[in-house]
Amino acid sequence: MTTKKKRSSTTQNDKWVVIAPDSVADTSKTDSNDPAFVRLRNPATGEASLYLFSSGDSELYEVKAFDEDYHSWFVGQTVQRDGRLLYITPMDPMYLVLPYLIKVGKEGKFQPVQQVVLDEDFPACTRLLSCSRTQASLHHVAEEKEVGSQRFHRYNQEKTMQWLQKKVDKTVKALKMRNISVGGGVKSTTYIRMKQESDVQEEDYLRYAHGLISEYISEDLSKELLNVLGLPEISSPKELEPPSKKRKLSDKPVEAGEDYTKFNSADFIRKPPKKMTAAQKSLAKVDKTGMKTMSSFFSPKVKTENN
Amino acid sequence: MDLSEFEADNTVSCRLSSAIPDVCRTEDCCLGIDEAGRGPVLGPMVYGICFCPISKKDDLKGLKVADSKTLTEAERENLFHKLDEAKSFVGWALQVLSPNTISTSMLQRAKYNLNALSHDAAIGLVQYALDCGVQLKELFVDTVGPAEKYQEKLSQRFPGVVVTVRPKADSLFPIVSAASICAKVARDHAVKSWKFLEDLGDVDADYGSGYPNDPKTKSWLLKYLDPVFGYPQFVRFSWSTAQTLLDSKAVPVHW
């Protein structure tokens, strides 16, 4: 409604609107701590992201926000300016453990994971090791040695790639099951086609799944995975990129994109009026009787311009 | 005047009408259109039509209907009763456009301005009379915007009807005066007995004329401004009076 006042984005919200699986709130294990939000290093970006440990740290969940402009919530009898919707979804903790394994793995030594998964900036990362899935899937990405009662691990790229490949396969299955549009022309996953796509190839699914998995792994791993999947880095640039319509190189001097001076020149007047868009046409049809014209607010100047 | 139908849901547009006199179905009729409450920032805008056989025009003059603006409220009430009593040959119909309808029309994505809204309400009422079998031959309208354009629009819309659009038609043609009285009485009633949907407790009903330049109206608007929701639906949000106050006093909302 107003444009004068700017939104201050610094306002803190004390409420979140969250969608989470029931398992998050499951505190049946009486002796364990409550579910907790923690900041951990995002495996793809290296920056802090928000995650959630279930009670007893047995499960890891990631927190994602649906955040678009011009949204707010009415919560009970209050208004919440922040219209975000947070999703809490289960996540394989291995994705978060992997960067630490890779980093230490460069030394080539077998080490106990407790010495590997350490982070000054994110001390909570050690809790990842309490997750039931971490212990169960370490062997997917690392070689294991057992000495006495202690276990030692060393990162293994080959194993990791096989593991990621399985992840991609599973994702492809999920994509097919949910009829998600993955073709080249698709701009939005929520777009539902009336007709089934006939020209979607296996490669489209693979590429799409690879893209999804890449949001959870480093860029290096993502590139390597592309190789392993047998997907050329850029298979056909013409299909992937929209056709270039403009900006052809020319010898003419570069002109400013919005050069207002040229509209004052005489030849501009001779040009035929531009075709109106549908919206402009419908606006032009509106009965404006009794309304002031925009120009009437600036009247003396307009008259001189018309001469 | 029974406004209960509108009061049952005062968020929408509502049509009220008299019974159609039998003579209007058989004899050639004239019909007048006028509106009440175009300018105020508060309350509904009411469109009214009145019709009678052309042969009975003089009887209407006998009722001494005159431009509603020159009459006191009591005189208007009195005249409306006389019109209602003359139901053997006079019929009327009203379109009550709630302030909410006006707000949402004017502020919707594809703007629907007040002139268009007015014209469509008038056309809708005339069509209603035709649908009821009124033998309509002459149409008298007080103008909204330039008279010629409106006259052309109405003539095209209702072929076979002689359309006369005039400024001040409500003081020139008794049938338009009659329509203006019906509209004005309905508007007065609606404003006076406005049932607030919002839980405002004991509402201070002293909102003056409802016109933007009335100091009472202005102070009422200030008093009932909610920082989050703005105003009750009684207020036309699309009026610049309301918007200016919202801009300065309410929480900014971005659409």
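## Confidence in the model

The mean pLDDT of chain A is 77, with 66% of its residues reaching 70 or more. Among the elements of chain A, strand β7 (residues 85-91) has the highest mean pLDDT, at 94, while helix α8 (residues 266-270) has the lowest, at 47.

Two stretches of chain A call for particular caution. Over residues 1-10 of chain A the pLDDT stays under 50, although the model has 19 contacts for this stretch beyond four places in sequence. Residues 235-241 of chain A are likewise below 50 in pLDDT, and this stretch has 3 contacts in the model beyond near neighbours in sequence. Where pLDDT is low, the predicted coordinates should not be read in detail.

## Composition and surface of chain A

The secondary structure of chain A consists of 10 helices and 9 strands. Of the 307 residues in chain A, 29% are buried, and the accessible surface of the chain comes to about 22,600 Å², with 53% of that area belonging to carbon and sulfur atoms. When the contacts in chain A with a separation of 6 or more are considered, 58% of them are between residues 24 or more positions apart.

## The sheet of chain B

Chain B contains an open sheet of 6 strands with mixed pairing, in the order β1-β4-β3-β2-β5-β6. Strands β1 (14-17) and β6 (162-166) of chain B stand at the edges with a single partner strand each, so one side of each is left without a neighbour in the sheet. From one strand to the next, the twist averages 15 degrees.

Within this sheet, strand β2 (residues 29-36) of chain B pairs with strand β5 (residues 136-142) of chain B in the parallel sense, over 5 bridges. B:I33 has B:V141 in β5(B) as its bridge partner. Helix α6 (residues 114-131) of chain B lies across β1, β2, β3 (45-53), β4 (91-97) and β5 of chain B, and runs at about 30 degrees to β3(B).

B:F173 is found in the loop between α8 (169-172) and α9 (174-192) of chain B. Is B:F173 buried or exposed? Its relative accessible area is 17%, and because buried means under 20%, B:F173 counts as buried.

Leaving aside neighbours within four places in sequence, B:F173 is in contact with B:F140, B:T164 and B:R166. B:K111 and B:F173 are 62 residues apart along the chain, and their C-alpha atoms are separated by 33 Å.

## Salt bridges

Side chains of opposite charge can pair when their charged atoms come close. A search of the whole structure finds 19 salt bridges over all chains. One of them joins A:K64 to A:E215, with the closest N and O atoms 3.8 Å apart. Because A:K64 lies in strand β4 (residues 60-66) of chain A and A:E215 in the loop between α5 (202-214) and α6 (219-228) of chain A, the pair ties together parts that are 151 residues apart in sequence. A:K64 is partly exposed at 37% relative accessibility, and A:E215 is partly exposed at 43%.

Another salt bridge links A:E202 with A:K176, where the closest N and O atoms are 3.0 Å apart. A:E202 lies in helix α5 of chain A and A:K176 in helix α4 (residues 157-177) of chain A, so this pair ties together parts that are 26 residues apart in sequence. A:E202 counts as partly exposed at 44% relative accessibility, as does A:K176 at 35%.

In chain B, B:R25 forms a salt bridge with B:D22, and the closest N and O atoms are 3.7 Å apart. B:R25 and B:D22 both lie in helix α2 (residues 22-26) of chain B, 3 residues apart, which is about one turn of the helix. B:R25 is partly exposed at 39% relative accessibility, whereas B:D22 is exposed, with a relative accessible area of 58%. Elsewhere, salt bridges that share partners join A:R41, A:D119 and A:D121 into one network.

Terms used. Residues are numbered from 1 along each chain as its sequence is written. Chains are lettered from A and ligands numbered from 1 in the order in which they are written. This is a predicted model: local features need pLDDT of at least 70, side-chain atom pairs count only at pLDDT 80 or more; totals for chains, interfaces and linings use all residues. Side-chain values use heavy atoms; hydrogens and water are left out. Two strands pair if DSSP finds at least two bridges between them. Helices (H or I, at least four residues) and strands (E, at least two) are DSSP runs, numbered from the N terminus. Axes are lines fitted to C-alpha atoms, for helices over the stretch in contact, and angles run from 0 to 180 degrees between N-to-C directions. Contact means heavy atoms within 4.5 Å. pLDDT is the predictor's confidence in each residue, from 0 to 100. Buried means under 20% relative accessible area, exposed over 50%, partly exposed in between (1.4 Å probe, protein chains only). Accessible areas come from the Shrake-Rupley method with a 1.4 Å probe; for residues, only the protein chains shown count as cover. A salt bridge is a side-chain nitrogen of Lys or Arg within 4 Å of a carboxyl oxygen of Asp or Glu.
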